[in-house]
Amino acid sequence: MALIVEDGSIVANADSYIDLAYARAYATARGVTLPADDAQADALAYKAMDYLEGKRAEYQGDKTDPLNQELQWPRTGVKIDCTEIASDFIPKELKQAQARLMIEANAGVEIQPTRSGGFIVEDTTGPLTTKYSEKIGVGVEPTISAVDALLAPLFSSCGQRFALKTLRV
């Protein structure tokens with residue numbers, strides 16, 4: 001099934017911000033190859049979209065047409081680098097983040113791990129005892145600094161999450 005790309009015009013049933021040509025070009029420019037099989041590449045795009053859509057509470061602004069649009073973008077009330085963007089615009093940072101997430105998923109990174117319970121700290125079977133670190137295991141969300149850097153401008157209007165201001169009295 002081919003990806004349906006949101007271009008900012010509120011595309012019906014959109015499920016991606018990029019097409020496979022964009023994703024492959026992005027990956028190739030970074031010395032990485034994504035699957036040649038479109039179905040495999042589509043699956044990576046869907047995983048990446050699940051991750052991006054999961055960030056909905058962190059994005060600036062509001063959906064442009066919340067009753068009709070499938071995805072979180074386009075949005076109104078968004079500034080990138082302190083400049084307001086049009087309500088029909090899909091930021092390049094978002095497109096690049098999707099492509100980067102596809103690269104990570106293709107490399108075997110579980111970008112949205114599922115945690116089904118607590119970590120086993122110690123397990124004894126007969127004479128064997130196995131201990132597990134609480135920081136390693138299923139459910140630990142990976143840190144993908146390249147994606148975090150790409151998405152940061154979409155979370156705050158001037159590229160900073162927090163600003164320290166001083167007031168003289």
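**A loop residue, a central helix and its core**

Cys82 sits in the loop between strand 3 and strand 4. Helices (DSSP runs of H or I, at least four residues) and strands (runs of E, at least two) are numbered from the N terminus. The model is predicted: local features need pLDDT of at least 70, side-chain atom pairs count only at pLDDT 80 or more, and totals for chains, interfaces and linings use all residues. Residues are numbered from 1 along each chain as its sequence is written, and side-chain values use heavy atoms, with hydrogens and water left out.

Phi of Cys82 is near 70 degrees, a positive value in a residue other than glycine. Cys82 is partly exposed, at 43% relative accessibility. Here buried means under 20% relative accessible area, exposed means over 50%, and partly exposed lies in between (1.4 Å probe, protein chains only). Asp81 lies in the loop between strand 3 and strand 4 (83–84). Its phi is also positive, at about 55 degrees, although Asp81 is not a glycine. At 55% relative accessibility, Asp81 counts as exposed.

The protein chain holds four helices and six strands. From the N terminus, the order is α-α-β-β-β-β-α-β-β-α. Of its 169 residues, 35% count as buried. Contact means heavy atoms within 4.5 Å. Among contacts with a separation of 6 or more, 58% join residues 24 or more positions apart.

Helix 3 covers residues 92–106. Its 15 residues should span 21 Å at 1.5 Å a residue, and the end C-alpha atoms are 21 Å apart, which agrees. The expected span is 1.5 Å times one less than the number of residues. Eleven of the 15 residues are buried, so helix 3 is largely enclosed by the rest of the structure. Among the buried residues are Leu94, Leu101, Met102 and Ile103. Their cover includes helix 1 (20–29), helix 2 (38–53), strand 3 (79–80) and helix 4 (145–155). Just after helix 3, Gly108 takes a positive phi of about 100 degrees.

Helix 2 and helix 3 pack at an angle of about 120 degrees, with axes 8 Å apart. Axes are lines fitted to C-alpha atoms, for helices over the stretch in contact, and angles run from 0 to 180 degrees between N-to-C directions. The two helices are therefore oblique to each other. Angles under 35 degrees count as roughly parallel, over 145 as roughly antiparallel, 65 to 115 as roughly perpendicular and the rest as oblique. The contact includes Ala41, Leu44 and Ala45 of helix 2, and Leu94, Leu101 and Met102 of helix 3.

The largest nonpolar core has 38 residues. Such a core is a set of buried Ala, Val, Leu, Ile, Met, Phe, Trp, Tyr and Cys residues joined through side-chain atoms within 4.5 Å. Leu52, Trp73, Leu94, Met102 and Leu151 have the most contacts inside this core. Helix 1, helix 2, helix 3 and helix 4 each supply at least two of its residues. Beyond its neighbours within four places in sequence, Met102 is in contact with residues including Ile18, Leu20, Ala23 and Leu34.

Pro74 is in the loop between strand 1 (62–63) and strand 2 (75–76).
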